Amino acid sequence: MFTFPKPDVEELLQSISIIDFAVSPDEKQLLFCSNFSGKYNLWGMDLPNAFPYRLTFNDQPSEGLLYDKEGRFVIAGFDQDGDENTQFYALKPHGGALKQVVYQESTRNFNPLLSKDGERLYYTSSKGNPSYLNSYCLDLRTGEETTVLEGSGGATYIAEVSEDETTILYSKHFTNTNSLYYAKVGDEEILLTPPTDQEHTVSFAVLVSPTEVYLVTDYEADFSYLAKFDLETKTFTKVKEVSKEGFTTLTYDKENQILYIIAEKGVEDRLYAYHLEDGTWERIEIPCDLIGKLVVAKSGSLYLLGRGSTKLGNIYKREQGEWVQLTRNKMAGVAEEDFIAPKVVTYPSFDGLEIEALFYQPKEEHDKGEIILWPHGGPQHAERKSFNAIFQYFLSNGYSIFAPNFRGSTGYGLAFTKMVERAWGAGPRLDHIAGLDWLIEQGYGSKGEFIVMGGSYGGYMSLLLHGRHADYFKAVIDVCGPSNLFSFISSVPEDWKPVMDAWVGHPEKDREKLIEYSPSTYVDQMTKPMLVVQGANDPRVVQAESDQIVEALKEKGRDITYIVMEDEGHGFAKKENEIAVFRQILAFMEEHAGRKVNV
């Protein structure tokens, strides 16, 4: 009877995101951060499934969301328009005015933890030690604050405080592939992995008794596994590993003596349960491809925030072995079956290394034969099966998306992830070119007809590919990408600077490599139309990174469009900005679709 138009960008990009959640101690309230209103705020739901109500009106995304263990108040962290200077506030469980708890302008604050009685707040902060960070204990009754950890050597983050507050677990972050965990017991500081010169990571640790710590580590291994450390005997024991899967986080169920373990297997997640009493191990099926957060209530009930390539983020509760969906986050006007899932493909790179990629293809009736190469951000991150409204928008307009997990990506082992370190513009660049050559060989595209688009490291790679391989592309889109590695290294947040030598390179010792790997070196070869997007408040890739490449290209008379978002940081937190920018991006691509551009 009716023929309905395909969804517009505004409909697709009005998809609702849930980015964090917490469950009240009595499990009668669910608290979550969502952009229902177009901007992020906190919302509440009285369980079971009830209509959500708004709790905050500051229009900022939250992090570090947690309830007081008696349910009297909630702690939440907010920054200002993407500046990442998070401050901590308290609010009543049913909303009202925010009360400043930790607030000092231009500081970065992390990892809030409440004491068992809710009277003390532990947290990590850049104040007083911006490079390596300190951790503090704030008495919420008196306002008195004491320093409990002084960071040194690497950014030092508090991770857990025992119920009797005599033991503190904390991590030292040297690089993304070299991070260690320690326990501070009184004045004694104990390393939780055996001493070694071999770099490795401990990504998570939990106390299950006064003397037992379980941790996730890749010590003497390529993929991370579950291990145990005895604080009395100083004994490290490997407990459980799963072939070709990397464990990432632990959640402890004290009531039932169960450890829940999230593992990465390429582009998907797995969930396991390890029963401490008898050592049994089981895999738990999940209602999603990826787990954003896992919470165990005091009763032992299990909650998760999950999403998939065709599933928006929703919160679920496990009841009698089955997952019950608590939130009903759906896309208006689009059925889940109308979204397009990616194919998982592999291809050999220039040196024979196997690269996995997600390949999204539009429905045949919409297909324009256009392919967007999507280098992911990070770079030590990965493109995984997560719902992406931007991808669905491009697909509905006839564009395919090819997203390779190039060397340096996570989920493929420690050695693979380390391959990008001090080699930002080497192997990863050639992995992308090998991917394009594979697409050409398979008959999906032609040289000179691709569009490249990415954000953060993906923006950097888009610029570098433009400068070094312009003959593959007809248009280039860079969102918040570094353009000059020297200026990038000097302008990142202070607590990032200690890792830059090992991660990106040393400005003097690696000078020639940094010149070779900087997109700004190849401005003369950047001949294709380009669109650059930048957040004015971005603390990771500051606006000057985009300003300088845009100015250099303008001086050469290139076709370049520049969009600066005055109230955004490293990405989009506000729907009106995201919609406006991606309308322009689609218009830019449409202008150059179907014709090869030569300058």
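Does Asp-139 count as buried or exposed, and at what relative accessibility? Asp-139 counts as buried because its relative accessibility is 14%; buried means under 20% relative accessible area, exposed over 50%, and partly exposed in between, with a 1.4 Å probe and protein chains only.

A word on what we are looking at. This is a predicted model, where local features need pLDDT of at least 70 and side-chain atom pairs count only at pLDDT 80 or more, while totals for chains, interfaces and linings use all residues. Residues are numbered from 1 along each chain as its sequence is written, and side-chain values use heavy atoms, leaving out hydrogens and water.

Back to our aspartate. Asp-139 sits in strand 11, residues 134-139; helices (H or I, at least four residues) and strands (E, at least two) are DSSP runs, numbered from the N terminus. The Asp-139 side chain reaches the backbone nitrogen of Thr-142 at 3.1 Å. Not counting residues up to four places away in sequence, Asp-139 touches Glu-119, Arg-120 and Glu-144, where contact means heavy atoms within 4.5 Å.

Next, please find Ser-349, in the loop between strand 29 (343-348) and strand 30 (354-360). With a relative accessible area of 7%, Ser-349 is buried. Its side chain makes a polar contact with the side chain of Asp-431 at 2.5 Å. By polar contact I mean a pair of N or O atoms within 3.5 Å; within protein, one must be able to donate a hydrogen and the other to accept it, and residues adjacent in sequence count only if both atoms are side-chain atoms.

Now, cysteines. How many disulfides does a search of the whole structure find? The search finds 0, a disulfide being a pair of cysteine sulfur atoms within 2.5 Å. Take Cys-288: the closest cysteine sulfur, in Cys-33, is 19 Å from its own, so that is too far for a bond. For Cys-480, buried at 2%, the closest cysteine sulfur is also in Cys-33, at 20 Å, again too far for a bond.
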